[in-house]
Amino acid sequence: SMAAGALAQTVVYPLDLIRRRVQMGAAGAGASASVVSDATWMASLRNVIAQEGVRGVMAGITPTFAKVIPSVMITKTVADSLIAYG
């Protein structure tokens, strides 16, 4: 399940990056706003790849893994404990 959590995060991370940049753009952060000023998420993703490359799309995933992997482990442990006592 730890691998599943990491895989899921890897798959959805580019969309999460676009979401965060749209939020930052709405807050007035200039650089992020120019990257995601397009109308659709796909156009925004293409724009990020064009300006920053594929590495830009996955920038910051390591700290996300540091958060997701322990979270999945804790959730599974608690769920297994509740099932065992329930």
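Okay, some ground rules. Residues are numbered from 1 along each chain as its sequence is written, and side-chain values use heavy atoms, with hydrogens and water left out. Since we're looking at a prediction, local features need pLDDT of at least 70 and side-chain atom pairs count only at pLDDT 80 or more, while totals for chains, interfaces and linings use all residues.

So, the overall picture: four helices and zero strands, with helices being DSSP runs of H or I, at least four residues, strands being runs of E, at least two, and both numbered from the N terminus. Along the sequence that reads α-α-α-α.

How much of the protein is buried? Buried residues are 23% of the 86, where buried is under 20% relative accessible area, exposed is over 50%, and partly exposed is in between (1.4 Å probe, protein chains only).

Now look at H4, residues 61-85. From first C-alpha to last, its 25 residues reach 36 Å, close to the 36 Å expected at 1.5 Å a residue; that expected span is 1.5 Å times one less than the number of residues. Ile-61, Thr-64 and Val-68 are buried in H4. Handy background: an α-helix has 3.6 residues a turn, so residues three or four places apart point the same way.

Over to H1, residues 2-26, where we find Leu-7. Why does Leu-7 count as exposed? Because its relative accessibility is 56%.

Last one: among contacts (heavy atoms within 4.5 Å) between residues at least 6 apart in sequence, 59% join residues at least 24 apart. That's me done!
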